[in-house]
Amino acid sequence: MKKIKTLILCTGNSCRSQVNTMKKARCMTDMFFLQVTLFLIGATIIDAQEKYFNTFAADGSMYIGVDYYPEHWPEERWEYDIQLMNQAGFNVVRLAEFSWAKLEPREGEFDFAWLDKVMSLFAKYHINVILGTPTAVMPAWCARKYPETLAMKADGTRIVWGGRKNNCFSNGTYRLLSERITRALAERYKDAPNLVGWQTDNEFGGTDCRCHQCQNEFQDWLRCKYFTLDELNRAWGTHFWGLTFFTWGEIPIPDDREGSTWAISNPSASLDWMRFTSWLNVRFQDDQIRILRALCPDKFITHNFMGLYQNMDYYALAKNLDVVSWDNYPTFGDAEQMQIPYSSSFAADVMRGLKRQNFWIMEQTAGPHGWATFGRNIRPGELEKICFQQLAHGADAQIWFRWRTCTVGREQYWHGLLGHDGKPLRRYQEAVQTAKDYRKLEKALAGTTVKSDIAFIYDYDSMWALRIQPGYPGNAYQTAISRYYNACFRTGVNADMIPPGADFSQYKIIFAPDLYILPDEVAIRLDKFVRDGGILVADCRFGVKDETGLAHERTLPGLLAETLGIRIEEYESLPAKLNYVVAGELGTFSAIQYADWVMADNAKIMVQYTQPWHMTSFAAVTKNLYGKGQGWYIGTVFEKTNFYDQLVARLLEAAHIRPLVVPPVGVEVSFREGVGKRLLFIINHTDEHKVVTIPSGKHELLSDTVTTDQIDLDQYGVVVIKL
Ligand code: GAL
């Protein structure tokens, strides 16, 4: 692991004076230069480990365990809990990520006695520890003494202390206090024999703080980005409505709230605000990473991401970490309706794509959950099935949230493996069984990951720009991706999620749904991808804007006109009750929500409008043979999923991708591969019995049997076959 120097190392004694000095400094305008320097130096010295991070433990075992909160239970209970974890075959726990008030009960005074004791008890039972930096909840003394550390709401009042994630990320005091507790923890536990890694904070989630400090920092950030006001005015198109800035200090915080009287109606400004607030979180994390790397160079650093969460640029948040981990709650919210958990699969692929490497599950659903009310329970067998879905997509560690259901506080209904009664009942027993099954796979899994011929461009700029201006009602970035992604899932092929800057050449098919922000450089690489033999699928609102959020001046699809062989001179959004009818080689369908009036210049029309009359000369779906590849354009939204199934089947055929196993409805098929290894995962997401046709004569690893050409899957059944 790379050794690095710490920029701001703040010890307990000197911290208070540093806090005061920094507070003053941060009021000064020349703070800007300090920020630039910190940003530039920081960016160069805290790269993640240079080597591919080995997500397994040193002895080759997978990390399996729970999130444990010793501070919620009497000390006399700890050892019993740990014994139960040990009997379950667990070898890791995450601790302390909400314990700042207990670790630093008074400013600058630390109490580690309880954590020392817990750490050594875990060591006694050979259980490793990941420590969380506890900065997601500030102690009451912080809010009392430094009220400016609390985030400010849009109405100019500060958030009332009493919840979590309530700090301002620009606030210098908060940053220093966070550095101090991080440093104190790292110094205390750097040599603890069972400490294996760190989790930064908890679920970074953007920030909505609207204080003057955030505004000042936003202005500084813009200066770093645009250098001159002329350039900013051009990039944001501020000549519209005469909203030109004459000094940096005039730039306000954009406000897009629906109905807000004072909204700055400038999509480019709002897009930069999203980028800026995301960056504030990344910088806050980097402050901690610098300290942890300097003091604990042999421990890994992760953060618990939230899968499909939208308010952060997760690529940037992942960059300086060793491994991404995430919190998977597939039975929460809408998913409680027993649907196929497409979105957990989608999220897992996003997580794997952030660093192009396997990831961890840091919080896995363990029971019914909710705050004021709670949802359905995990059915017998479902707990293992939920874990295996993630494993199949590249999760190399499995940690359940949480060990025991809490008897106090906001999460009394967020059930753990154990209930309030603390007894090791069904859910615990299922976790024991899951851990046993994981252990059977360890050797086969080592060195494997998901490899795919198919990629989706997953782009935060387009996601944010479409949130600011969806274009047509109901348009949402992830929904657009899901239409195609779910069809791939149903076909039994894996897909990668990649940023627009990724190397496209390793893929046969690239889907770019709703790729609204299209810098010329990306367009040129997509064109090359097709010329070189790739298949590109673009759809509605593709390439409308440049990276500053200004509409391209070219006729759509702009630089890709030749690649796709089409022209779009007009388009429209369709009101809720207006459906158009389309028909062609792929069938007859109902088109909803949006219609590009696609003129097929060179492209072949695959589906055409048949109604209403004024649309009949336009195409809904086109295919263009271009160079050695194909450019497909889907100019509308199809009401039913059968269109997307037809489309994906066609594309796979064109790319010579033949799914090895065709899954019945509700069954998921996924592959992990390594040198000389290929593992096939088949997962029954339903509570019905399913029969799947599979290759015969292969080794099924969980039952240790040889396959015939069919396999029976009970409700929530999983199999792992070595091909
Ligand atoms: C996660 C969070 C945990 C816990 C859990 C249940 O999002 O990281 O701390 O709050 O949700 O609410």
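**Ground rules**

I am working with a predicted model, where local features need pLDDT of at least 70, side-chain atom pairs count only at pLDDT 80 or more, and totals for chains, interfaces and linings use all residues. Residues are numbered from 1 along each chain as its sequence is written, and side-chain values use heavy atoms, with hydrogens and water left out.

**Entry 1: helix pairs**

I started with α8 and α9. Helices here are DSSP runs (H or I, at least four residues) and strands are runs of E (at least two), numbered from the N terminus. Helix α8 covers residues 212-226 and helix α9 covers residues 229-236. Their axes are 9 Å apart and the packing angle is about 95°. I note that axes are lines fitted to C-alpha atoms, for helices over the stretch in contact, with angles from 0 to 180 degrees between N-to-C directions. That makes α8 and α9 roughly perpendicular (65 to 115 degrees; under 35 is roughly parallel, over 145 roughly antiparallel, the rest oblique).

Next I listed the residues in contact (heavy atoms within 4.5 Å). From α8 come Phe218, Leu222 and Tyr226; from α9 come Glu231, Leu232, Ala235 and Trp236. I sorted them into six nonpolar, no polar and one charged. For the classes, Ala, Val, Leu, Ile, Met, Phe, Trp, Tyr, Cys and Pro count as nonpolar, Asp, Glu, Lys and Arg as charged, and the others, Gly among them, as polar.

Then I took α12 (residues 342-355) and α16 (residues 477-491). Their axes come within 10 Å and cross at roughly 100°. The pair is therefore roughly perpendicular. On the α12 side I found Tyr342, Ser345, Phe346 and Asp349. They meet Gln478, Ile481, Ser482, Tyr485, Asn486, Phe489 and Arg490 of α16. The contact of α12 with α16 holds five nonpolar, four polar and two charged residues.

**Entry 2: salt bridges**

How many salt bridges does a search of the whole structure find? It finds 47. The criterion is a side-chain nitrogen of Lys or Arg within 4 Å of a carboxyl oxygen of Asp or Glu.

I checked two pairs inside helices. Lys440 and Asp437 form a salt bridge at 3.0 Å, N to O. Both lie in helix α14 (residues 426-445), three residues apart, about one turn of the helix. Are the two partners buried or exposed? Lys440 is partly exposed at 43% relative accessibility, and Asp437 is buried at 7%. The cut-offs are under 20% relative accessible area for buried, over 50% for exposed and partly exposed in between (1.4 Å probe, protein chains only).

The second pair is Glu521 and Arg525, with N to O at 2.6 Å. Both sit in helix α17 (residues 520-531), four residues apart, about one turn. Glu521 is partly exposed at 44%, and so is Arg525 at 23%.

Lys604 is partly exposed at 41%. Glu585 is also partly exposed, at 41%. I also traced one network, in which salt bridges with shared partners join Asp67, Arg94, Glu97 and Glu363.

**Entry 3: single residues**

Gln285 lies in helix α10 (residues 267-295). Gln285 is buried, at 0% relative accessibility. Which residues does Gln285 contact, leaving aside its neighbours within four places in sequence? They are Thr200, Phe204, His303, Leu317 and Leu321. The side chains of Gln285 and Thr200 make a polar contact of 2.8 Å. By definition that is a pair of N or O atoms within 3.5 Å; within protein, one must be able to donate a hydrogen and the other to accept it, and residues adjacent in sequence count only if both atoms are side-chain atoms. A polar atom of the Gln285 side chain also lies 2.9 Å from the backbone oxygen of Leu317.

Asn320 is in the loop between α11 (314-319) and β6 (323-328). Asn320 is buried at 6%. Its side chain makes a polar contact of 3.2 Å with the side chain of Asp286.

I finished with Thr693, in strand β22 (residues 690-693). Leaving aside neighbours within four places in sequence, Thr693 is in contact with Val661, Asp709 and Gln710.
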